[in-house]
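This report walks through a protein model with a ligand.

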Amino acid sequence: MSRSHGDDRPAGVPAVGAGPRGVRTATGDDVAAVVSVGHRTWRATFEPIAGCDYVEMGLAKWWTSDVVVESIRLGRTLVLERDGVVVGMAAYGLRDDVLLLWKLYVLPEHQGTGVGSALLEAVVQRAADLGRSRISLSHLAANEQAGRFYARHGFVRTGVEPGGSYIPDSVWVARHLSRADGPETGAIAETEEQP
Ligand SMILES: CC(C)(COP(=O)(O)OP(=O)(O)OC[C@H]1O[C@@H](n2cnc3c(N)ncnc32)[C@H](O)[C@@H]1OP(=O)(O)O)[C@@H](O)C(=O)NCCC(=O)NCCS
């Protein structure tokens, strides 16, 4: 497929605007908005269930401009805009035949309005386009809202990753692309990585 001059998307990354229901691949212009979605949503979600120390650690480790830029540069961040404002984002990594969904965050005032489902649908499409057989992710065990959300979207539990000091336990879940509701075998806690 030929590309226009200046299009530096990595191979296999669809064009901006190509995703379902308004989801598009993030560009360099989205860095500040993506960081803001992360910071606002992390504080609202995790301070009550995991505490301020965990939130400060996570923001410093995973929500700096440098970390966000790198995922965007690789074409692995998706965003959804409403009225010209980025209200949700997803970011993933790739390992073997697995798409690892590292981040899925929707601004608190837009939660429950279909943004997360649209982003997840786009991630599933992306994984299929990239020939991956499985999507895997972890969420804090105490994050019951996320657990219900992923279960409704066909994810099944594959393992538990114990936390430490002020890091809470996490639950790993996965969804097979060919057999969305098929049970996962084994219970392997996957190692922590980040985009
Ligand atoms: C989990 C999350 C990504 C889901 O995205 P979302 O846009 O809220 O989800 P949707 O609106 O697409 O669908 C959510 C479903 O849960 C319900 N729901 C989820 N969060 C809700 C909320 N805050 N208020 C009301 N309903 C909510 C919806 O009714 C809907 O149910 P249905 O599918 O049976 O109709 C989002 O709520 C979020 O960012 N939460 C905080 C951060 C987080 O936990 N991220 C995941 C970390 S692994």
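**Helix packing**

Helix α1 packs against helix α2 (residues 52–62) at an angle of about 150°, with the axes 8 Å apart. That makes α1 roughly antiparallel to α2. Axes are lines fitted to C-alpha atoms, for helices over the stretch in contact, and angles run from 0 to 180 degrees between N-to-C directions. Helices (H or I, at least four residues) and strands (E, at least two) are DSSP runs, numbered from the N terminus.

This is a predicted model, in which local features need pLDDT of at least 70, side-chain atom pairs count only at pLDDT 80 or more, and totals for chains, interfaces and linings use all residues. Residues are numbered from 1 along each chain as its sequence is written.

α1 passes α2 in a right-handed crossing. A crossing is right-handed if the near helix is turned clockwise from the far one by less than a right angle, and left-handed if anticlockwise. On the α1 side, His39, Trp42, Arg43, Phe46, Glu47 and Ala50 take part; they meet Cys52, Tyr54, Val55, Gly58 and Leu59 in α2. Contact here means C-beta atoms, placed from the backbone, within 7 Å. The residues of this α1–α2 contact divide into 7 nonpolar, 2 polar and 2 charged. Ala, Val, Leu, Ile, Met, Phe, Trp, Tyr, Cys and Pro count as nonpolar, Asp, Glu, Lys and Arg as charged, and the others, Gly among them, as polar.

How do α1 and α3 pack? Their angle is about 120°, and their axes lie 10 Å apart. They are therefore oblique to each other. α1 passes α3 in a right-handed crossing. Val31, Val34 and Val35 of α1 make the contact with Ser65, Val68, Val69 and Ile72 of α3. The residues of this α1–α3 contact comprise 6 nonpolar, 1 polar and no charged.

**Overall make-up**

The protein has 5 helices and 7 strands. From the N terminus on, its elements run β-α-α-α-β-β-β-α-β-α-β-β. Of its 195 residues, 29% count as buried. Burial is counted in C-beta atoms, placed from the backbone: a residue is buried if 20 or more others lie within 10 Å of its own, exposed if 12 or fewer, and partly exposed in between. Among contacts with a separation of 6 or more, 64% join residues 24 or more positions apart.

**The ligand shell**

The ligand is surrounded by 18 residues, the closest being Gln111, Gly112, Gly116, Ser117 and His139. The elements that give two or more residues to this shell are α1 (31–50), β4 (98–106), α4 (115–129) and α5 (144–152). α5 gives the most, with 4 residues. By class, the shell holds 6 nonpolar, 11 polar and 1 charged residue.

| Pair | Separation in sequence | C-alpha to C-alpha |
|---|---|---|
| Val86 and Ala33 | 53 residues | 6.2 Å |
| Phe155 and His176 | 21 residues | 8.0 Å |
| Asp66 and Val31 | 35 residues | 9.2 Å |

Val86 lies in strand β3. Val86 is partly exposed, with 19 other C-beta atoms within 10 Å. Beyond its neighbours within four places in sequence, Val86 is in contact with Asp30, Ala33, Val34, Val37, Val79 and Glu81.

Phe155 sits in the loop between α5 and β6 (156–161). Phe155 counts as buried, with 25 C-beta neighbours inside 10 Å. Leaving aside neighbours within four places in sequence, its contacts are Tyr150, Val173, Ala174 and Arg175.

Asp66 belongs to helix α3 (residues 65–73). Asp66 counts as exposed, with 7 C-beta neighbours inside 10 Å.

**Positive phi**

Most residues other than glycine have a negative phi. Asp83 has a positive phi of about 50° although it is not a glycine. Asp83 is placed in the loop between β2 (77–82) and β3 (85–95). Asp83 is exposed, with 5 other C-beta atoms within 10 Å.

Asp96, also not a glycine, has a positive phi of about 55°. Asp96 is in the loop between β3 and β4. Asp96 counts as exposed, with 8 C-beta neighbours inside 10 Å.

Conventions: Near = placed C-beta within 6 Å. Parallel < 35°, antiparallel > 145°, perpendicular 65-115°, else oblique. Contact = placed C-beta atoms within 7 Å.
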